[in-house]
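Subject: A structure for you to explore

Hi there,

Here is the structure I promised to pass on. Have a look at it first, and then read my notes below.

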Amino acid sequence: MSRIPLRAWVGLVLLVGLGALSLVAGRLFPEALANTCPLGWDLNRPDRSVCELAFGGLWVSLAIGLAAGALSTVLGLAVAALARLSGGVTEQVLLRAVDAVFALPDVLVVMVLQLAGQSLMDAGMGGGLGPFGLMVTSLALVGWAGPARMFRDRLATLEGQEYVAAARALGGGGVHVLRVHLWPMLRPFVLAVFLSRLPSAILTESTVSFFGIARMEPMSLGRYLGTSYAALIYEGGGRVVIPAWGLLVLLVLGASLASQALGGGTRREV
C-alpha cells in the first residue's frame, strides 16, 4: 500500500478545515460571527453580515457537493457493476447509455432540470424535494456517467489480475468475486472518484445559482455571488464579493488536489 501523497493531505486538510469552519461559523454560531465580522454588513442585506452570508453559503455549497458527489458515485458504481456482471450485449447497451449522458453539457442540463423541477414544485408535484433536494438530484442525474465509465474500466483492469482468475477457477461467481476480491481493491478508487465529483458538482451548482435559475435558500456561494456582484461598482464593494469568491476557490482547490493525488496513487497500486 503506497502512502498518501502530500497533495492529497493538503486537499483533505482544506476540505475538512473549510467544512469545520462553515459548520461552526455558518450553522452553529452565526450570531456570534455577525457581531464580530471585520468585513461589515452586506450592502444588499443590511441586516446580515458579510461573514455570516459567506460562511453560510460555504456550508450550503459544501453540503450540495458532498451529497451530489456521493449520489452520483453510488449510481455510477451500481451501473458499472451491473455492466460487468451482465457482460455481452447488456454491457454494451449500458456503455452506450453512459457515453450518451456523458456527452451532455452539465450546466445546461442542470438548468433544464431545475426549471422543470421548480415548475413541478409550484404545481404541488415536487415530491417534497425542496430546492436542496432538487439541486442534488439534478447534479446526480448528469454526474453519474463519468464515475460509471471510470468504475467499469477499473473493474475490467482488476478482473485481469491472477487472484481473480484463480477465484473464478475455483468456482467463484460474479457477485462473490466482486464482493470478496474486487471491492477491497476498488475502495480507494471509489474515494478518489467521489472527491473528483466535488469540484464539478460545486462549480455546476454555483454557475446555475449565479444566473438566478436555482432557488437555493439558504443561499449557496454561487447564489450569494450572483446577487451581490453588483456591489463591485460601489466603493468598498470588493469586501462583499471577494471573501465568498475566495472560499469557493479554496473549496474547489481542496477537492481537486485530494482527488488527483488519491487517483494517481490508486493507479500506481495496480
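At roughly what angle do the axes of α3 and helix α7 cross? They cross at roughly 45° and come within 7 Å; axes here are lines fitted to C-alpha atoms, for helices over the stretch in contact, and angles run from 0 to 180 degrees between N-to-C directions.

Before going on, please keep in mind that this is a predicted model, where local features need pLDDT of at least 70 and side-chain atom pairs count only at pLDDT 80 or more, while totals for chains, interfaces and linings use all residues. Residues are numbered from 1 along each chain as its sequence is written, and side-chain values use heavy atoms, with hydrogens and water left out.

The overall picture

The protein has 11 helices and 0 strands. Helices (H or I, at least four residues) and strands (E, at least two) are DSSP runs, numbered from the N terminus. The C-alpha trace spans about 70 × 45 × 30 Å along its principal axes. Take the contacts (heavy atoms within 4.5 Å) between residues at least 6 apart in sequence: 75% of them join residues at least 24 apart.

Helix α3 and its partners

Back to the pair from my question. α3 and α7 are oblique to each other, because angles under 35 degrees count as roughly parallel, over 145 as roughly antiparallel, 65 to 115 as roughly perpendicular and the rest as oblique. On the α3 side, the residues that meet α7 include S72, G76 and R84; on the α7 side, they include P147, F151 and L155. By class, this contact has 9 nonpolar, 3 polar and 2 charged residues. In this scheme Ala, Val, Leu, Ile, Met, Phe, Trp, Tyr, Cys and Pro are nonpolar, Asp, Glu, Lys and Arg are charged, and the others, Gly among them, are polar.

Helix α3 (residues 50-86) also packs against helix α6 (residues 130-143), at an angle of about 40° and with the axes 8 Å apart. This pair is therefore oblique as well. Among the residues in contact are V60, I64 and L71 of α3, and F132, M135 and L139 of α6. The contact of α3 with α6 has 12 nonpolar, 2 polar and no charged residues.

The nonpolar cores

A nonpolar core is a set of buried Ala, Val, Leu, Ile, Met, Phe, Trp, Tyr and Cys residues joined through side-chain atoms within 4.5 Å. The largest one has 30 residues, and F55, L58, Y224, L247 and L251 have the most contacts inside it. Helix α11 gives the largest share, 9 residues. Leaving aside neighbours within four places in sequence, F55 is in contact with L21, S22, A25, G26, L33 and L247. Another core lies apart, with 15 residues, including A80, A81, L158 and V190.

Two spots to look up

S228 sits in helix α10. Is S228 buried or exposed? S228 is buried, with a relative accessible area of 1%, and it touches D42, N44, R45, V240 and V241, not counting residues up to four places away in sequence.

Finally, find P218 in the loop between α9 and α10. A cis peptide bond joins E217 and P218, with omega about -5°. Most peptide bonds are trans.

Enjoy exploring!

How values were computed
Buried < 20%, exposed > 50% of the residue type's maximum accessible area, 1.4 Å probe, protein only.
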